[in-house]
Amino acid sequence: MSKAGDTAKAESEGASASQTSTLTSLKSTISSQLLSSNMSKAGATPKTESEWASASQIRTLTSLQSTISSLELINSLRRKRDLMSLLCSYPLDMRVIFDDFISKPYCESKLPLKLEGLLPKAIIRDAENGDMSGSNFIFGDANLDFIPEAILDMAADLAVHQLMQTLISICKSKNPKHAKCIRLSTRSDVEKRTVMEKVTAALNDKHHSLDILNSFHGHLTIDATGYPTSEAEKELKQHICQLLQLSTIKYDDILCTLQIEDEMSRSRYLVILVDRDGEEIVDPQKVGLYGTLLTGVLVIITTDSPSSQQAKEGGLKDGLVNLEIRTKEHLLPWVVFCDTAGKEFVYSSDAILTTAVRIVEECRSHLHAILLVAKWLKNHQDVRMWELALHKLQFTNPSHDVINFHGLNSIMINTFLNLTWDGMNKTQQNCLLSCSGIPKIRDGMVDHELMNHWMSSLFVDAGETEKNLRQLVENSIFLQFDGVGGRYIWLPEETYQMLEWLCTSYPLLIEKSNLGLTEPPNTDKWHNAVRIELAGNKISELPESLDCVQLKVLMLQQNADLTKLPSSFFYHMPLLCILNLSYTSVRELPRSLFFLEQLRELYLKGCECFMKLPPEIGNLEKLEKLDLDETQITHLPKEVQKLTNMQSLTLCFYEYRVKKNRSYSCSTIIPSGVLSKLKRLEHLFIGVNPDDERWNENVQAILPEILGLECLKTLSMYIPQVELLKLIPAHIFKLDFRFIVGRHMQRIISSIPPATDVEFKQSNRSLKFVKGEGVTDEIKMLLRHSKALFLDRHFTLKSLTEFEMKNLEQLRVCILAECKEMQTIVGGGDLDDNIDMLPHLLFLNEESKKHLGRLNSSSLLIWYVLQSLSLQSCPKLTTLFSVDFVGNLSLLKELVVKDCPKLSTLISYKSSKPSADTFLPKLSKLWLLHLPELTSISSGLSIGPGLKEVGFYGCPKMRFLSKMELVSRALTVIKGETNWWKELEGRWFTFDHVFSPIHEEADLMTQLGTPLQHTGFATPASNSPASSGKGLKNKKDPRFSNLRISIPKLRSARDFGEAPGRYTSQVCEPGKNSIWLGTFDPAEEAAGADDATAREFPGHKAKTNFTSQSSILYSNTFDAAEESANSANVTHPYDKATREFMNLYTSL
């Protein structure tokens, strides 16, 4: 067994037994010498030279101290070696523990920390110290009188079993010489003879004989009890020679010894030597059985009594023994049981003692099973409880098929399932089952990490987490130890595997997301589930009612075909805490949902068919989080004020009127007095339709309520008038705010680079200032605390300096769109030459600046940390950077330049002498689009040594790609038009390998990695039967194979007509907004309006419903589609925006 054999690393050849016996006297000598020396030094009067310790005495003391330290280390290593070998012979899976022990260097091998949960602390302490006295105290002779005879006999069996396992390990080892001598110490001569009989029987067992005896040349059993004194050693040698079939030399004792040594070195023997009775013992070296060239294994069976310990000084030295096996140490299972269950209870009556013996015998030295049973019986005096425990250990539950446990120990299966598992409450069972998904718990994890996992998964309430963990540890289900960083919890491998099986049969977590399922799976196993995840499937129907009494989390998001929840679906889910219905097609909530008293989180994000929040929502008094983003609700019911535990509230109101003279369904969006009742609210997000006239009045009424919420941490809302900022106190600006200020209007399409767009949306403290005129003090105050700024169509601003640069110091994201009067980013006014402008700016996007002549018109503008820069539609821009300025952009990663008709180069450099510098060292992406005058990238300067992607489009004068400019060796792709690439002069062959053509018939931005794309579709009106959402493939008009009909997918498409069967039409940019065209009947007109619009923005490359432009009335221009919308008497909120969009897209 490599277990016991490898532990022989603590071997120390040559350590004398005499040194060990004088260890105490050496310590005493050193202590007295040091005390005398210290007293001499502390004296007040001068001492003579003879009174000081001489140099030789000091060296002697140092040598003695070194000897003692060495001996203590050797004894400690031997003791730990023997204990680890003993444990490895027990059924408990010790691989993790043992690997931890043998992985350390020889001098640093400490007992694994994981043993702290298995063994009494006294045993671990004594083993670490190499002290045998503690072991003798626990297992010693004084206590043997109280140990039942059956337990003593079991200890002898375990010692023999350890010996057999060690011999098997030696035989299978790749290094058979690593263990030569094993000493098996018994308590007495009587037990010695019993052990000898057990060893002989074990070796005669066919299983052992095949593994052991076949690996040796021969097997000798030498009984020295027939040679009682040392004078009989000659006769013993003669007997050994006869067993080895050697010629005997009667009169030459030395030659006889040498002859035996020679045979033992030439052939591999297994020698079992039974020591003499009494005080005199056999020295194997003197009879030739042990030598330096020994190739076999010598097993010495001797006694461990105090008298023989003294006589052992003349026998084989401890340093030559590779492994010590002691029968009394195999009393460990009994000691662990008594120590855990309570010794006073074990010995309280003969009936309990008898049952306790049978329990320990039944556990068969499985320490963890013994711990679990003992904890179950702790402090019990009723003998019936002890008999019940024994019965459960012997009983195999037919519902627990042992085959499913992959060969696990049967006693551990019965112990855990019949005793431990049945004795736990449901919460503790759930906590344990959750651990089956944490593989590292088998090695150990910090206790607070495990508790956080339980709390985040809702397996246990926060207040009960520590209590449940403590109980599981006290019952030894979890074992613990103190390590670096805190207290660690670990689960033995056998327990972990049983939990895996239990999770399969009685799943705690059902995780079936993104599998394309059309119906809920395994509903018969939902009874025990705590968490069910079915997100991202195609489920359209749910069972009427399910018995899920343990369910706490139900995730049904992204099942687009799910339109209705059964009315009684939630009646048998009393513990449900989290419900996610986001991005489904549910239109209303069932009545049973409002009886969920424990519901804390409800998600309805992206449910675009959900139009009304019922007043019964007020029944969910424990609700803490409600997400209604991207829904179609028109107002908030006043019953929301009952949700006083609410901490996070996300609202979205997008009611559109089909006709201008049609009144709103409710006069107020958020009733007064509702938000002020939500005292615990920390996060508030309010999204409204900017064209909703109700908001202008409503916001003035509710703004004081919002500002009075003391717990508020995050606030996102639309403030239509700048003057309303005067109502906001200064402390609100320290929150995580996201404000849209001004006359906001949804953009039809965005040309902002994706990285910049994402960064702005994720930024805390962001401001979008729309259609501004001038700069007010309130805007300056808001900017002072902002980290992201989106300046959208400011009519008068000429430079950011007008905001005062000190107010922009925190900006990390800056988007400047259609600020047509802006001439430079920073310029004008009195500027301090020593101030770094925008020192934290990471992302900058500029668009439609007709007066912007150059980016660096102010030499003071230094952006040290800028990572992304985008410039679009700047007609006067001739160059981007000067050489002096570009050196400040050392962290720039992405650069996009588009629609700048006068731009000839990115960097202006007029010197005829080439520069040795390389600029823009971090640049990885470069897009140059629609730049008709561009002739070079950087005027011959080297840029972007790490550049990976380059894209060109609409750059006809770009005739040459200079290797001096594109120096990157990491370049993976160059995108451009095929004809342009063929006409390039002197292009390098290395560029040909990475060139990727841009297909003119496909969308340009999509190919360049910008997610700007067109998707047109005609949809049935929302109240039409065709909009039920049960699979789009059945909704196509059979007359038109390309006609796409679906549910409205955006906020702007809702409730557009009363007559069933009418069709809506809109052009949509996925994930953003749409152009609403109106409602039509028949479907051909809806499809035609869609085609006419689609052809306008990608031109002849549009994906249309009809293959021919002449096949339908609405086929030529957007004006025809607009007329269609007007003829249907539909309010068109995007008339002007659509025009702007068409103008923008024409430039593409």
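This is a predicted model: local features need pLDDT of at least 70, side-chain atom pairs count only at pLDDT 80 or more; totals for chains, interfaces and linings use all residues.
Residues are numbered from 1 along each chain as its sequence is written, and side-chain values rest on heavy atoms, with hydrogens and water left out.

Of the 1148 residues, 54% are buried (buried denotes under 20% relative accessible area, exposed over 50% and partly exposed in between, with a 1.4 Å probe and protein chains only). The accessible surface of the chain amounts to about 49,800 Å², and carbon and sulfur atoms contribute 50% of that area (Shrake-Rupley method, 1.4 Å probe; for residues, only the protein chains shown count as cover). Among contacts in the chain with a separation of 6 or more, 66% join residues 24 or more positions apart (contact is defined as heavy atoms within 4.5 Å).

Strand 19 (766-770) is largely enclosed by the rest of the structure, because five of its five residues are buried. Ser766, Lys768 and Val770 point one way from strand 19, while Leu767 and Phe769 point the other way. Strand 18 (residues 736-742) pairs with strand 19 in the parallel sense over five bridges (pairing requires at least two DSSP bridges between two strands), and Val741 stands opposite Phe769. Strand 19 also pairs with strand 20 in the parallel sense, again over five bridges, with Ser766 opposite Ala788 of strand 20. Lys768 of strand 19 lies over the face of Phe790, at 4.6 Å from the ring centre (a charge sits over a ring if NZ of Lys or CZ of Arg is within 6 Å of the ring centre and within 35 degrees of the ring normal).

Helix 26 (residues 754-762) has Thr756, Asp757 and Phe760 among its buried residues. These three residues cover an arc of only 100° around the axis and therefore lie on the same side of helix 26; the arc is that of the directions from the helix axis to the C-beta atoms. The cover over the buried residues of helix 26 includes strand 19, strand 20 (788-792), strand 21 (813-817), strand 22 (843-847) and strand 23 (868-872).

Ser716 belongs to strand 17 (residues 714-719) and counts as buried at 17% relative accessibility. Apart from neighbours within four places in sequence, Ser716 is in contact with Leu684, Phe685, Ile686 and Arg738.

Leu929 is the bridge partner of Lys898 and stands opposite Tyr953 in strand 30.

Antiparallel pairing occurs in an open sheet of three strands with the order 6-8-7. Strand 6 (445-446) and strand 7 (479-483) are at the edges, each with a single partner strand, so one side of each has no neighbour in the sheet. Strand 6 is joined to strand 8 (residues 486-490) by two bridges, and Met445 stands opposite Ile489 in strand 8. The ring of Trp490 carries the charged end of Lys114 over it, 5.4 Å from the ring centre.

The structure holds 15 aromatic pairs (rings of Phe, Tyr and Trp, the last by its six-membered ring, pair if their centres lie within 6.5 Å; planes under 30 degrees apart are stacked, over 60 edge-to-face and the rest tilted). The pair formed by Phe416 and Trp421 is tilted, because the ring centres are 6.1 Å apart and the planes stand at 40°. Phe416 is buried at 1% relative accessibility, and Trp421 is buried at 12%. Trp980 and Trp981 form a tilted pair as well, with 6.0 Å centre to centre and 55° between the planes; Trp980 and Trp981 are both buried. Trp334, Phe337, Tyr347 and Trp386 form one aromatic cluster.

Conventions. Helices (H or I, at least four residues) and strands (E, at least two) are DSSP runs, numbered from the N terminus.
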